[in-house]
Every structure is written in structure tokens, then in C-alpha cells.
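Reader: I am new to reading protein models. Could we go through this one together, step by step?
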Amino acid sequence: MYQDLSAWGIQSSIRIMETTNKKAFSRRKFVSVGLFLSLAILVITGILIQIYEHFDEGFAIHFFVGVHVLTGIFFSVLSILHIIINWLALKSYIKTKDVS
């Protein structure tokens, strides 16, 4: 299909471009990383809200409260998605851990 361009090293780079595989989008990884990042943001903004609560910085506390609330909503949605995606694994884990 390609001309012999191996003298210039072009054919090997074309072959490499043809054989690279694109990984499929993983919902499970996306939700897990999103949960971790939103939890980190929730912790940081919660601490900052506690710090700025003692100062008279009107804008800063309103900004951090807004970010905290929106991140909390995002965290809640991702938590529900996490349960839905991993429902079969959770169900089988509960079933095998039955206390008799």
C-alpha cells in the first residue's frame, strides 16, 4: 500500500501510527476519579470555609461556600452513578458475606 520509504525511516513511523490502539472510555474510571477529586475539593473548601468564617472577607466565604455546595451536588450524583455501575459487584459481595 505504501511506497518503500524505509530509506528515510518513514514507513516504520506510518506502521506505528496504524497499530496504535485507542482505549475505550471507561465510565468506572471516570466516576472513581471524579469521586476522588470532588472529595478532595470538598475537604479543602470545608477547611477554607472554617478559616474564612472568622474574617470579614465577604466574597471569599461566599465563593468557597458556592464551590462547596456545587461540588457536594457533583459528589452526590457521582456516588449514585458509582453504586449503579458497581451494583452487581456490591450485590455479590453482600451475598458472599452473609453471616450464618
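Reader: To begin, what does the accessible surface of the chain come to, and what share of it belongs to carbon and sulfur atoms?
Author: Please note that this is a predicted model. The accessible surface of the chain is about 8700 Å², and carbon and sulfur atoms hold 69% of that area.

Reader: How many helices and strands are there in the chain?
Author: The chain has 4 helices and 0 strands. Read from the N terminus, the order of elements is α-α-α-α.

Reader: And what percentage of the residues count as buried?
Author: The figure is 14% of the 100 residues.

Reader: Which residues make the nonpolar surface patch?
Author: The patch consists of V65, V69, L70, I73, V77, I80, L81 and I84, and its area is about 720 Å². One of these residues, V77, belongs to helix α3, which covers residues 58-85.

Reader: Why does V77 count as partly exposed?
Author: The relative accessibility of V77 is 45%.

Reader: Which residues form the aromatic cluster?
Author: Y52, F59, F63 and F64 together form one aromatic cluster.

Reader: Now S38, please. Is S38 buried or exposed?
Author: S38 is buried, because its relative accessibility is 1% and buried means under 20%. S38 lies in helix α2, residues 27-52.

Reader: What does the side chain of S38 reach?
Author: The S38 side chain reaches the backbone oxygen of L35, at 3.1 Å. With neighbours within four places in sequence set aside, S38 is in contact with T71, F74 and F75.

Reader: Finally, what part of the contacts with a separation of 6 or more comes from residues 24 or more positions apart?
Author: Such residues account for 57% of those contacts in the chain.

Terms used:
Residues are numbered from 1 along each chain as its sequence is written. This is a predicted model: local features need pLDDT of at least 70, side-chain atom pairs count only at pLDDT 80 or more; totals for chains, interfaces and linings use all residues. Side-chain values use heavy atoms; hydrogens and water are left out. Patches are made of residues with over 30% relative accessible area and no salt bridge: like charges are joined within 9 Å, nonpolar side chains (Val, Leu, Ile, Met, Phe, Trp, Tyr) within 5 Å. Accessible areas come from the Shrake-Rupley method with a 1.4 Å probe; for residues, only the protein chains shown count as cover. A salt bridge is a side-chain nitrogen of Lys or Arg within 4 Å of a carboxyl oxygen of Asp or Glu. Helices (H or I, at least four residues) and strands (E, at least two) are DSSP runs, numbered from the N terminus. Buried means under 20% relative accessible area, exposed over 50%, partly exposed in between (1.4 Å probe, protein chains only). Rings of Phe, Tyr and Trp (its six-membered ring) pair if their centres lie within 6.5 Å; planes under 30 degrees apart count as stacked, over 60 as edge-to-face and the rest as tilted. A polar contact is a pair of N or O atoms within 3.5 Å; within protein, one must be able to donate a hydrogen and the other to accept it, and residues adjacent in sequence count only if both atoms are side-chain atoms. Contact means heavy atoms within 4.5 Å.
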